[in-house]
There are 2 protein chains.
Amino acid sequence: MLVLITYDVNTETAEGKTRLRKVAKQCVNYGRRVQNSVFECILDNAQCVMLKAILTDLIDKDVDSLRFYYLGNRYQTKIEHVGVDRGIPADQTLIL
Amino acid sequence: MLVLITYDVNTETAEGKTRLRKVAKQCVNYGRRVQNSVFECILDNAQCVMLKAILTDLIDKDVDSLRFYYLGNRYQTKIEHVGVDRGIPADQTLIL
């Protein structure tokens, strides 16, 4: 299923930037970074539980927030994009 | 239906901050700002077309991006939150 993860952090601070980098590093193992703080991850239930626990540990819960949106398996028709594109589809292999 | 709108903009510049402010101003008419650049809006089809056109005009398409995620009417079970909370539910009236 596609899980959209959005992360709210103040990236004007060095600590915020570091936390965002760590969150991104975990998320891109499962999908792609479509915007600066928005990640689209393809996860099964077990992966979802694990990733949620890892991310929850990484953030500062007093000032940051994470939101998880469950878009299911038929998500292609549920997403629209306008403007500059920075990613590749979450279920597409990147060949370097 | 719930439409999740995510906006990618470099808020380290004054112009970026201004564009984000304008986008937020439009979105909060229809819902709430759940994170700095993430808005949950309750829209019918006509409102959705209109808001999309307004936001597309506001952003700088060479450097910013907007993503629209259509979560339908039964969205309550599709969303999870971790950390600090900054908003009120999109379908809840704010009494001042």
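A polar contact is a pair of N or O atoms within 3.5 Å; within protein, one must be able to donate a hydrogen and the other to accept it, and residues adjacent in sequence count only if both atoms are side-chain atoms. This is a predicted model: local features need pLDDT of at least 70, side-chain atom pairs count only at pLDDT 80 or more, and totals for chains, interfaces and linings use all residues. Residues are numbered from 1 along each chain as its sequence is written, chains are lettered from A in the order in which they are written, and side-chain values use heavy atoms, without hydrogens and water.

**View 1. Chain A meets chain B.** Here 36 residues of chain A are in contact (heavy atoms within 4.5 Å) with 36 residues of chain B. The two chains bury about 3,000 Å² between them, 49% of it on carbon and sulfur atoms. Buried area is the accessible area (1.4 Å probe) that two parts lose on being put together, summed over both. In chain A, Arg67(A), Glu80(A) and Val82(A) lose the most area to chain B, together 23% of what that side buries.

**View 2. Polar links cross the interface.** Across the interface of chains A and B, 26 residue pairs are in polar contact, both residues at pLDDT 80 or more. The largest share of the side of chain A that touches chain B comes from strand E4(A), with 7 residues. Strands (E, at least two residues) and helices (H or I, at least four) are DSSP runs, numbered from the N terminus.

**View 3. Glu40(B) reaches Arg67(A).** Their side chains meet in a salt bridge (2.7 Å, N to O). The term means a side-chain nitrogen of Lys or Arg within 4 Å of a carboxyl oxygen of Asp or Glu. The interface of chains A and B holds 4 salt bridges; the count over all chains is 8.

**View 4. Asp64(A) and Arg19(A) form a salt bridge.** Their side chains meet at 2.6 Å, N to O. Asp64(A) lies in the loop between H2 and E4 of chain A and Arg19(A) in helix H1 (residues 14–27), so the pair ties together parts that are 45 residues apart in sequence.
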